[in-house]
Amino acid sequence: MTPHGCGRKLAAAVLLGAALAAGGEAPAQPKQQPAAPECLNVAQSSAATYVISNTVCPDESVLASIELANGRDLARCFVKKIRTQISIASEGAAPVINYQCIEGATGCSVEIVRDMFPECHAG
């Protein structure tokens, strides 16, 4: 698993750089959906516990792909629906939210988010 979902961004940057270096124009970008709101906040509540709170979108359920690292090379990832907040034990590092969207919005369902991050388990 690529940490923090960086693999796709890096691959796109490499392709763009190769096209421009070859004297070509930047490839046409596919039409992108509007950015999902940043609803979730990660805060440390104790030495090995973090709280992920839905502070910005309290009237909505948020689907999130969350990654936990153990401080070494091992990481695990899961998809979770958050209405208000969840607590997560993590001794290695703070959880990272790789992706979040408002449940029920176009392109935002448990199945879609799970398909975006096949290495993650549904939560």
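**Close-up 1. The right-handed disulfide of Cys-101 and Cys-108.** In this predicted model, the torsion about the S-S bond of Cys-101 and Cys-108 comes to about 75°, and the disulfide is therefore right-handed. The bond joins Cys-101 to Cys-108 with a computed S to S distance of 2.0 Å. Cys-101 has a relative accessibility of 6% and counts as buried, and Cys-108, with a relative accessibility of 5%, counts as buried too.

**Close-up 2. The left-handed disulfide of Cys-39 and Cys-57.** The sulfur atoms of Cys-39 and Cys-57 lie 1.9 Å apart in the model, and the two residues form a disulfide. Because the torsion about their S-S bond is about -65°, the disulfide of Cys-39 and Cys-57 is left-handed. The pair, 18 residues apart, links distant parts of the chain, with Cys-39 in the loop between helix H1 (6-21) and strand E1 (40-46) and Cys-57 in the loop between strand E2 (49-54) and strand E3 (62-69).

**Close-up 3. Burial of Cys-39 and Cys-57.** Cys-39 has a relative accessible area of 1% and is buried, while Cys-57, for which the relative accessible area is 11%, is likewise buried. Both assignments rest on the cut-off for burial, which is a relative accessible area under 20%.

**Close-up 4. The two disulfides of the structure.** A search of the whole structure finds two disulfides. One of them joins Cys-101 to Cys-108, and Cys-39 and Cys-57 form the other.

How values were computed
Residues numbered from 1 in each chain as written. Predicted model: local features only at pLDDT ≥ 70, side-chain atom pairs only at ≥ 80, totals over all residues. Heavy atoms only, no water. Disulfide = S-S within 2.5 Å. Helix = DSSP H or I, 4+ residues; strand = E, 2+ residues; numbered from the N terminus. Buried < 20%, exposed > 50% of the residue type's maximum accessible area, 1.4 Å probe, protein only.
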